[in-house]
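Student: I have a structure open and would like to learn how to read it. Can we go feature by feature?

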Amino acid sequence: MPEAQSASDSGGVAARRGFRFQDHYALGVMLRSAEDPFVTAVGLEIDDDISVTRVVSGSTQHEYIQVKTTDGPSLWSVPQLCCRDEGRVGTSIVEKSLDADRDIEDPSPGFRIVTTRDVNPQLRVLKLSPSDELRARHLDRIEADLVGRVGHRVSEGGRSLTDWCHRLVWDVQASERAVSLENRDLLARAALKLGYTLTPDQLDIAYQRLLAQASDLASRNCRASRVLPPQQIVDMVEEAIAIAIPHSGPRANNRLRTKMEAGEIDEALVAQAEERRRRYLEERYRPRYAPSRGYDRAIDEINTCLSDLLDNYVASTHPPSPGEFHRTCKASLQALIERLPEDCRPTYPFALGTMYETTNRCLHRFTQGEPE
């Protein structure tokens with residue numbers, strides 16, 4: 001396949017992975033923006049994948065961020081930047097990035113491209129700061145190459161490809177996991193400022209909630225709901241932390257143990273359940289088996305199954321023992337997995353972890369009545 005075509009060679013699975021990576025990156029932008037006194041808004045799917053609005057010395061400035069995750073061993077190149085969908089003008093990455101600029105009163109818009117694949121030697125200077133002198137000496141060739149492929153273009157805001165080259169920053173991230181870990185550090189520091197030291201479980205729960213919210217906000221139809229002022233982000237962070245604290249840590253882990261011990265379930269099974277729950281919380285943030293959006297549906301299906309099982313168990317006049325009900329729940333989850341579509345089919349350990357986390361949050365149990 002020609003190099004110019006490989007910018008969009010990802011296919012369905014990689015495309016879903018790209019959305020997940022974008023959600024993680026967007027959350028990182030949100031967390032940093034909440035601490036930036038110059039930021040007035042973060043936009044999700046507004047002018048670009050992500051946009052940041054700042055007011056500096058009385059002037060409103062925008063940064064437009066495109067997030068690109070594609071498969072393939074090749075390095076990013078000018079032909080890939082200029083590759084158009086079926087030859088349609090305005091559909092290439094460089095054209096879309098430049099066209100995001102629409103504010104003629106913005107004195108200094110910024111542009112950012114985020115990828116997990118590195119750039120080729122020609123584009124390497126774009127990874128440097130726009131103020132770096134070395135960068136400026138190599139831009140003429142890049143600009144000439146871009147113009148030769150897409151022509152002279154000017155945005156509604158009045159910026160040319162020359163402006164775009166001088167103001168673009170190329171941000172290469174090692175992986176989705178690397179972005180996730182960095183974001184967790186930001187969230188942990190935000191919690192410390194609020195006076196909380198989060199346990200790993202608490203951090204995972206808070207991060208999961210924020211990631212789901214970022215994904216949900218980006219997909220909403222209402223444009224206004226996709227524009228987030230810093231205070232809204234701060235409120236989201238505080239809420240996520242407040243929700244996470246009661247649902248994890250040693251005391252919270254005792255809820256799962258208490259519910260299983262109330263049914264006189266074997267100690268070895270209780271210990272296994274606690275370990276499954278711990279691994280579930282890790283996997284929920286570092287998914288290896290299915291897209292995170294598929295996981296959301298899988299979790300809904302698992303919890304619906306558990307709810308139906310518990311309803312029947314509570315209503316039964318001749319109920320099985322707690323140990324037998326526990327085995328029934330496990331077998332029902334195994335059967336559910338086999339029925340789910342491949343794009344949202346979790347592993348059996350993940351399904352068990354979901355059950356034990358749901359139990360830990362007092363939404364499931366293995367006895368007919370609540371433990372004392």
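Student: Which residues in α13 meet which residues in α14?

Tutor: Keep in mind that this is a predicted model. To read a helix contact, list the residues on each side. From α13 come His326, Cys329, Lys330, Leu333, Gln334 and Ile337. They meet Tyr348, Ala351, Leu352, Met355 and Tyr356 of α14. Then sort them by class. This contact has 8 nonpolar, 2 polar and 1 charged.

Student: At what angle do α13 and α14 pack?

Tutor: Look at the two axes. Helix α13 spans residues 322–339, and helix α14 spans residues 348–360. Their angle is about 130°, and their axes are 10 Å apart. Angles from 65 to 115 degrees count as roughly perpendicular and those over 145 as roughly antiparallel. The α13 and α14 pair is therefore oblique.

Student: Is the crossing of α13 and α14 left-handed or right-handed?

Tutor: Right-handed, for α13 and α14.

Student: Where does threonine 359 lie?

Tutor: Threonine 359 belongs to helix α14. Its relative accessible area is 0%, so threonine 359 is buried. Setting aside residues up to four places away in sequence, threonine 359 touches Leu256, Lys259, His364, Arg365 and Phe366.

Student: Now another pair. How do the axes of α8 and α9 cross?

Tutor: Helix α8 covers residues 200–218, and helix α9 covers residues 230–244. The axes come within 8 Å and cross at roughly 140°. That angle makes α8 oblique to α9. The crossing is right-handed.

Student: Which residues of α8 and α9 meet?

Tutor: On the α8 side are Gln202, Ile205, Ala206, Arg209, Leu210, Gln213 and Leu217. On the α9 side are Met236, Val237, Glu239, Ala240, Ile241, Ile243 and Ala244. By class, 10 are nonpolar, 2 polar and 2 charged.

Student: How do α7 and α8 cross?

Tutor: The axes of α7 and α8 come within 10 Å, at roughly 110°. These two helices are therefore roughly perpendicular to each other. Ser180, Asn183, Arg184, Leu187 and Ala188 of α7 meet Leu203, Asp204, Ala206, Tyr207 and Leu210 of α8. That contact divides into 6 nonpolar, 2 polar and 2 charged residues.

Student: How many residues are in the largest nonpolar core?

Tutor: Start with the general idea. In soluble globular proteins, nonpolar side chains tend to be buried together. Here, the largest nonpolar core has 37 residues. Those with the most contacts inside it are Met30, Val42, Leu44, Ile50, Ile65 and Leu187. Elements giving two or more residues include α1, β1, β2 and β3, along with α7, α8 and α9.

Student: Which element gives the most to this core?

Tutor: α8, with 9 residues.

Student: What is isoleucine 65 in contact with?

Tutor: Skip its neighbours within four places in sequence. Isoleucine 65 then contacts Tyr25, Val29, Asp48, Asp49, Ile50, Val52, Arg112 and Val114. There is also a second, separate core of 25 residues. Among its members are Ile93, Phe111, Leu126 and Trp170.

Student: What should I note about the whole chain?

Tutor: The chain has 14 helices and 6 strands. Of its 372 residues, 48% count as buried. Take the contacts with a separation of 6 or more: 70% of them join residues 24 or more positions apart.

Note on methods: Residues are numbered from 1 along each chain as its sequence is written. This is a predicted model: local features need pLDDT of at least 70, side-chain atom pairs count only at pLDDT 80 or more; totals for chains, interfaces and linings use all residues. Side-chain values use heavy atoms; hydrogens and water are left out. Axes are lines fitted to C-alpha atoms, for helices over the stretch in contact, and angles run from 0 to 180 degrees between N-to-C directions. Helices (H or I, at least four residues) and strands (E, at least two) are DSSP runs, numbered from the N terminus. Angles under 35 degrees count as roughly parallel, over 145 as roughly antiparallel, 65 to 115 as roughly perpendicular and the rest as oblique. A crossing is left-handed if the near helix is turned anticlockwise from the far one by less than a right angle, and right-handed if clockwise. Contact means heavy atoms within 4.5 Å. Ala, Val, Leu, Ile, Met, Phe, Trp, Tyr, Cys and Pro count as nonpolar, Asp, Glu, Lys and Arg as charged, and the others, Gly among them, as polar. A nonpolar core is a set of buried Ala, Val, Leu, Ile, Met, Phe, Trp, Tyr and Cys residues joined through side-chain atoms within 4.5 Å. Buried means under 20% relative accessible area, exposed over 50%, partly exposed in between (1.4 Å probe, protein chains only).
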